[in-house]
Amino acid sequence: MRYIIIGAGAIGGTVGGRLAESGQEVVLVARGAHRTALAEGGLRLRVPEGELTHRLPVVAGPDELGTLRADDVLVLAVKTQDSEAALQAWGPAPVAGGGAAAERLPLVCAQNGVESPRLALRRFRHVYAVCVWLPSTHMEPGVVSAAGTPLTGILHLGRYPHGADDTARRIAADLDQAHFEAPVVPDVARWQYAKLLSNLGNALEAVSGPVADPSAEALFERIRAEGAAVLDAAGIAYTGAEEQRAARGDKVTLVPLDGAPRGGGSSWQSLSRGAGSIEADYLNGEIALLGRLHGVPTPLNELLQRLANDFARERKAPGSLPLPELIRLADDAAGTVHADRGRPYA
């Protein structure tokens, strides 16, 4: 199979580079300065064993690649806010032998959140979802860092919305040969919702810095508890902490990388690069949406969603909101909701 990595950033670049290293055929899809750097100098993948350079085909979209092959696998690794544009571009792409990519090819959503597979299923017949446990960083054009060892990451994989098939198992076998563990599971959404709860801290880190002291940890626990209450009210299953710990073990341990900047998670990276957009609408915003649908207040996640979007739109420096000020805002937001709930209707 040939892997077409749509979005060769932190996740896509790492997956694409590791697959290429293991002997798989890989095409990278990128834009702007990152695409230029990839085309001119190759993908520079910084990992615990050193910096690896992979000179791979790079395109901006399907037109440059031409007719797709029947054995192509599309790996969607853009941020969720960019998914719709990518799906519109790649869905109609012609495939050798007739038909379009949306009809014939597998699309693997390797992204945070839970929305992209739903968006994809509107257009693509064969959608696969991934719960991404992959610590990686993309801060410099042409360069991606992944500090995990002995495994680079763990990628639970399954057909969406549920089930497993031979295609999933073939993709998983390739990933297993490329420094990943890729368990094929029939209930991949359960793993994704558990990851969503941990990703609720992305916006916290983006606006106020690392969750590294007791005050920040306590605030994150409040944010996560709000999310868990919403999932419970909605009847949405998610894997528990013990099951996640058993799956991870000590398989992905982070080590310092020479020449690689210490950064934060995906939302922090978006602000640092001045991307102008952030994924909070599909992380904290997912909790806000479910809360409104099921009558559960979500003041803390709504606050973080708004702040993260403000930071991205105004291109504020990541971590520049002092934590005490964020805690004050969170207390005010929660207090307002409690007061409203106790107020009689007019």
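## Asp165 and its polar contacts

In this predicted model, the side chain of Asp165 reaches the backbone nitrogen of Ala168 at 2.9 Å, and the side chain of Asp165 also reaches the backbone nitrogen of Thr167 at 3.2 Å. Asp165 itself is placed in the loop between strand 12 (153-159) and helix 7 (166-176).

Is Asp165 buried or exposed? Its relative accessible area is 17%, and because buried means under 20%, Asp165 counts as buried. When residues up to four places away in sequence are left out, Asp165 touches Tyr128 and Arg159.

## The chain around it

The protein chain that holds this residue has 15 helices and 14 strands, and 52% of its 346 residues count as buried. Among the contacts in the protein chain with a separation of 6 or more, residues 24 or more positions apart account for 73%.

## Overall dimensions

For 346 residues, a compact globule would have a radius of gyration near 20 Å, and the value for the protein chain, 20 Å, agrees with this. The C-alpha trace, taken along its principal axes, spans about 65 × 40 × 40 Å.

## Surface and charge

How many positive and negative side chains does the protein chain have? There are 34 positive and 40 negative side chains, and the centres of these two sets lie 3 Å apart.

Conventions. Residues are numbered from 1 along each chain as its sequence is written. This is a predicted model: local features need pLDDT of at least 70, side-chain atom pairs count only at pLDDT 80 or more; totals for chains, interfaces and linings use all residues. Side-chain values use heavy atoms; hydrogens and water are left out. Helices (H or I, at least four residues) and strands (E, at least two) are DSSP runs, numbered from the N terminus. Buried means under 20% relative accessible area, exposed over 50%, partly exposed in between (1.4 Å probe, protein chains only). A polar contact is a pair of N or O atoms within 3.5 Å; within protein, one must be able to donate a hydrogen and the other to accept it, and residues adjacent in sequence count only if both atoms are side-chain atoms. Contact means heavy atoms within 4.5 Å. The radius of gyration is taken over C-alpha atoms; the globule rule is 2.2 Å times the number of residues to the power 0.38. Lys and Arg count as positive and Asp and Glu as negative; His and the chain ends are not counted. The place of a charge is taken as NZ of Lys, CZ of Arg, CG of Asp or CD of Glu.
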